[in-house]
Amino acid sequence: MKLVNLKIDDVDISVPAGTSILDAAKQAGIKIPTLCYHPDLPVKASCRLCLVDTGRKKLETACSTPVKEGMKVITNSKKVRDARRTALKLLLANHPQDCLTCVRNGSCELQALAAELNITDISFYNMVEKLPIDDSNLAIVRDQSKCIKCGRCIEVCQEVQCVGVINSSFRSGEYKMTTAFDKALAETDCVYCGQCSAVCPVGAIYEKDDTAKVWKALEDPDMHVVVQTAPAVRVSIGEEFGLEPGSIVTGQMVAALRKLGFDKVFDTDFTADLTILEEGSELLERLKNGGAIPLITSCSPGWINFLERFYPELIPHVSTCKSPQQMFGALAKTYYPQKAGLSPDKVFVVSIMPCTAKKYECARPEMNSSGYQDVDVVLTTRELGRMLKQAGVNFENLEPEEFDDPLGISTGAAVIFGATGGVMEAALRTVYEIVTGTVLEDVDFKDVRGIKGIKEAEVELDGQKVKVAVANGLGNAKILLDKIKNGECDYQFIEIMCCPGGCIGGGGQPYGTTNEIKEKRIKAIYDADKGMELRKSHENPAVKILYEEFLGEPLSEKSHELLHTHYVSKKK
Amino acid sequence: MAKIVELITENVGKVRPDSLEDYLNASGYEALKKAFKMTPEEIIEEVKKSNLRGRGGAGYPTGSKWEQLHEIDETPKYIVCNADEGEPGTFKDKIIMDKDPFKLVEAMTIAGYTFGSNHGYIYIRGEYPLSKKTMQKAVDLAKEAGYLGDNILGTDYSFDIHIRTGAGAYVCGENSAQLNSLEGKVGRPRIKPPHLAEVGLFKKPTLVNNVESFAAIPYIVLNGGEKYASFGTKESGGTKLVCLSGNVVNRGVYEVPFGTTIREIIYDLGGGMPEGRKFKFAQIGGSSGPCFGEDKLDTPLCYKETGKNGLIVGSGALLVVDDSNCAVDFAKCISEFFVHESCGKCTMCREGNRQLLRILTRFTEGKGCKEDFALIEQLSNVLPISSFCGLGETATRAVSTCIELFRDEFEEHIEGKCRAGICSFSEGGK
Amino acid sequence: MLTNQQIRDVVQKYEDGEENILAILLKLQEASGQNYISEDCAVEVAKELNIPASKIYDLLTFHSMFSTKPRGKYIIEICKSAPCHVNKSREIVKMFENELGIKMGETTADKLFTLQFTSCIGACDIAPAAKIGEKVYGNLTKEDVKKIIQEYREGGK
Ligand SMILES: Cc1cc2nc3c(=O)[nH]c(=O)nc-3n(C[C@H](O)[C@H](O)[C@H](O)COP(=O)(O)O)c2cc1C
Ligand code: SF4
Ligand code: SF4
Ligand code: SF4
Ligand code: SF4
Ligand code: FES
Ligand code: FES
């Protein structure tokens, strides 16, 4: 690789050709402020905060300017400081200064910059114009007055997720990020993936806060409040408390939830194992008796929304299995109260999810097979973080605790649901043993792991070759879906996860998520899997008992009633 | 005494725009025939010798631009003619398109041949529907007669020209924004680098030149670059179409050799101010250009001298303002333009221009204050060096030069006084 | 109101649909009879070209020649750029406003005229200038304004 030599302030450095000044400065240990820049998205260079002096008449944006041989970059001079501070002041003059009551207080990139650049007055005229807040739906709130027009959400919604409901529009002072004809999100094809909220640097897009509902239930002496935690939360919630990304904090998380007052702390992993048994059986059934192939997984509600809105013709391909969180909800209000001697109407089910789409999912009319709304409230990882902070829980120093029985028992196969490829791998572990009747010695299917957008693998099952594919991020999913539509696809089984990286990259995960952090979370997921005694879903003893005591067998009538669902076209 | 030469405008008013025959009779397509006998290197050499510089506003040497594109191996290459002519006070590209459209077609064909390109695009602003029709007609006629399309004039070279329309956006004149617009995207500018010569239209190497720049090409090819250059000054080759507007008697487009002074243009060609009015200031290069006073009237129009005097050649717009106008009100008018036209993408231009307009509006209402001068200065210092594109870079130029010239008038406005009687202060002032 | 079929016909007339999106939208706006692109129309174009409607909305709100709200049959665009400004375009604004009894940005009750500002239309040599459709009017006086409006009133009925 060709190296380029340059000098940044007083540091001589060599970096590969094509490196941006920003990255080169990072390597030289020099920090340049940024706002619109996001390491995983195309560079926008629109905020003008990363300006540096390269000796030309004009300053240049470090995020977008590649290094040149012999370049001399000055990152700190009056000229540079004045320009950056002007940019920031201009933004602030048009920004509601609501920090004290803002969801992003303490986690806001704009707020941090104002402190960093020592802004003590704004000098410019106040241009703030209150725009209406869009809270038309159950998952995502948009407060455009706070938008600083970095364009990250647009990139994510249009190019990464290929949903394309929000976009830039208008020009000059009216320039804003909005939907076609300024419709409320609920009236658009938004899939509620929340990816826009995950990349927004400020409080302009965020998840609907449902913590009040949970506090209320916890206060209610008549209510038996149970909580389930998604696989991806245990490797990310630590970040809310300043722990290293990729810290596995399952035990502390359980302890913290008990401190909040939940009556039982259960695990979505339990129903993840159950999902494998149901979905695996569905696959085998279809392979044997015919049915739409490829079969596509259904555990990602953002993906299901995408399916219903954009690819309804492929509905027959999609597994009828509910997502693990909804399977859990259905059991938590049937099987569990029956076993625990509780009245189902007194059981309140809370889900802690990396996901905003599940807020929408839990309110779907189909999701009440218990006779009640199966899951009462879905909180994101970030919301849980806020509750714990509010309660003063000293997270880092908690003694680890165990999940409750029986809905807290799980295997390593369930943990890996949190990462892209995990559902596929878990399914293969089980399907292999069912089909071949032999023990799978090496349970690691490494081909389907990792953050790559589309992964393929071929597995031999008792002489029959099965071709599988895994897609994460809806843009990648779209590629596979179009292939299926055009009959160009020879896969038998496909895993689709709405969010890039899978659930560990969910729209409700701690702020500041980048691919680098996602990789760390993924590694933690597989480490957690490795640390488990049981690593195949069908070995989960609690699941076995569940079938014996309650469901009968996979795909039984009872299973269908509680664990399966159907989809309807919502194409406009 | 200023003289007019007719290199680019030789056919204007003499040929019918919808008659290829007229054009051929006026020795049209001789240049293309000659070009076909030249190598691309020879053509580029002539363009370099001509000292032609981009007439779209930025004044980049056309020869160098062509050479850079020529050195890039990737194909296909695209030829784009920037006919967005959005700079207020500029109406010269329109003359060429409306009165001598075949010249542009021929010029682009020569460029296409030079770069081995098979597709050219003319991006005409939406406000010029008639120019669009005229150009389309010319393209169709040229195609019918074998001057465009497959195997032009029996050679194995094929070239097609596509006419495209804008829909009202000044920033679409910025070359990278224009390419976005040509691709069907919204015309907000792109990050540069990469340069358009490398990653241009549809991500392919692309030449973008202004209508007037292209229009000089046939003359240069036919008569040689040196001949063309000889009309101008040492550094600024040839002629410039000047668009004289505002408070002068004879407004219009004049083709003058470089080196003609601004005074000559305004007084000899323009006939000076209307009866009874006095020169107050002028603005050169359009709304993005600087304002200047009497003292700079003797500056010769050429890249070197204007540069030395803090002026520009720009698009060739020359706006004359007489003493019936108010400097503050004028500055506000310019500022309104940029607030209207900012694409909104970058902080500096989006937020900076609306601040500037707010401040100037306050002045015209008698609500200005001393501190506002510091804010204007801050914006005038920062926007030019830190905006995303040329629009934001030049947006404060007229205002800051206006204040330099007429600070006293601005100060009077703080007191609620407008010499020209334009600003009404009806809301009671301070 | 354009039918979906009419909209599709217009879109299909252009070979490189997406590249010609501005021309398509201008055409549809003209054909709408009310000089605007309705939401339904934008959605239909988006479907036909297989692009998100949000991208069409971006184009419609970015370019000054489009409107997403119905306008008059004739749009009178008065230039407000500097060369017209110093030639006292504000006077002709008043003339048009008085003659039509509406303010800039408004549409007459009979839906015949909408008054709008435009940036320079390249008619600075005949400033102050205005534009109605493809026609450009310059050196405008009070009498001109009266006459022009009269003509359109007669022609428009
Ligand atoms: C905001 C803005 C508007 C511009 N408008 C035009 C225009 O209308 N016509 C034009 O030829 N160049 C315009 N330009 C300059 C072009 O970006 C580009 O420099 C030019 O088309 C190159 O052609 P030339 O070298 O032949 O001048 C504009 C630049 C900016 C920054
Ligand atoms: S978005 Fe950030 S800067 Fe704005 S009010 Fe919220 S915390 Fe403060
Ligand atoms: S939630 Fe997802 S689909 Fe909805 S606007 Fe945000 S990124 Fe787009
Ligand atoms: S909503 Fe957030 S992510 Fe989107 S442009 Fe505004 S500040 Fe950026
Ligand atoms: S300077 Fe910035 S906001 Fe202004 S037109 Fe250029 S990119 Fe757009
Ligand atoms: S971070 Fe570079 S311009 Fe925004
Ligand atoms: S300024 Fe009005 S037409 Fe040019």
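This note walks through some features of the structure above, point by point.

1. **Before you start.** This is a predicted model, in which local features need pLDDT of at least 70, side-chain atom pairs count only at pLDDT 80 or more, and totals for chains, interfaces and linings use all residues. Residues are numbered from 1 along each chain as its sequence is written, chains are lettered from A and ligands numbered from 1 in the order in which they are written, and side-chain values use heavy atoms, with hydrogens and water left out.

2. The shell of ligand 1 holds 19 residues, and G56(B), N82(B), N209(B), N210(B) and S213(B) come nearest. A residue is near a molecule or strand if one of its heavy atoms lies within 4 Å of it. By class, this shell has four nonpolar, 10 polar and five charged residues. Here Ala, Val, Leu, Ile, Met, Phe, Trp, Tyr, Cys and Pro count as nonpolar, Asp, Glu, Lys and Arg as charged, and the others, Gly among them, as polar.

3. **Backbone contacts to ligand 1.** Look at the oxygen atoms of the ligand. A backbone N or O atom of G56(B) lies 2.6 Å from an oxygen atom of ligand 1. For E85(B), a polar backbone atom is 3.0 Å from an oxygen atom of ligand 1, and for R55(B) the value is 3.2 Å. Taken alone, ligand 1 exposes 610 Å², and the protein buries 90% of that. These areas come from the Shrake-Rupley method with a 1.4 Å probe; for residues, only the protein chains shown count as cover. Strand 4 (206-210) and helix 16 (390-394) of chain B are the elements that give two or more residues to the shell. Strand 4 of chain B provides the largest share, three residues. Helices (H or I, at least four residues) and strands (E, at least two) are DSSP runs, numbered from the N terminus.

4. **A closer look at N209(B).** This residue lies in strand 4 of chain B. N209(B) is buried, with a relative accessible area of 2%. Buried means under 20% relative accessible area, exposed over 50%, and partly exposed in between (1.4 Å probe, protein chains only). The side chains of N209(B) and W66(B) are joined by a polar contact of 2.9 Å. A polar contact is a pair of N or O atoms within 3.5 Å; within protein, one must be able to donate a hydrogen and the other to accept it, and residues adjacent in sequence count only if both atoms are side-chain atoms.

5. Ligand 5 is surrounded by 13 residues, and the closest are C343(B), C346(B), C349(B), C389(B) and G392(B). The shell of ligand 5 has eight nonpolar, four polar and one charged residues.

6. **A four-strand sheet in chain A.** This open sheet has the order 13-18-17-16, with mixed pairing. Strand 13 (295-296) and strand 16 (454-461) of chain A are at the edges with a single partner strand each, so one side of each is left without a neighbour in the sheet. Strand 17 (residues 464-472) and strand 18 (residues 493-497) of chain A pair in the parallel sense over five bridges. Two strands pair if DSSP finds at least two bridges between them. Across this pairing, N472(A) has M497(A) in strand 18 of chain A as its bridge partner.

7. **A three-strand sheet in chain A.** Another open sheet has the order 6-7-10, with antiparallel pairing. Its edge strands are strand 6 (133-134) and strand 10 (205-207) of chain A, each pairing on one side only. Strand 6 and strand 7 (residues 140-143) of chain A pair over two bridges in the antiparallel sense, and R142(A) in strand 7 is the bridge partner of D134(A).

8. **Backbone details worth checking.** A cis peptide bond joins I293(A) and P294(A), with omega about 0 degrees. P294(A) sits in the loop between helix 8 (268-289) and strand 13 of chain A. Another cis peptide bond joins T75(B) and P76(B), with omega about -10 degrees. A45(A) has a phi near 55 degrees, a positive value in a residue other than glycine, and A45(A) is buried, with a relative accessible area of 2%.
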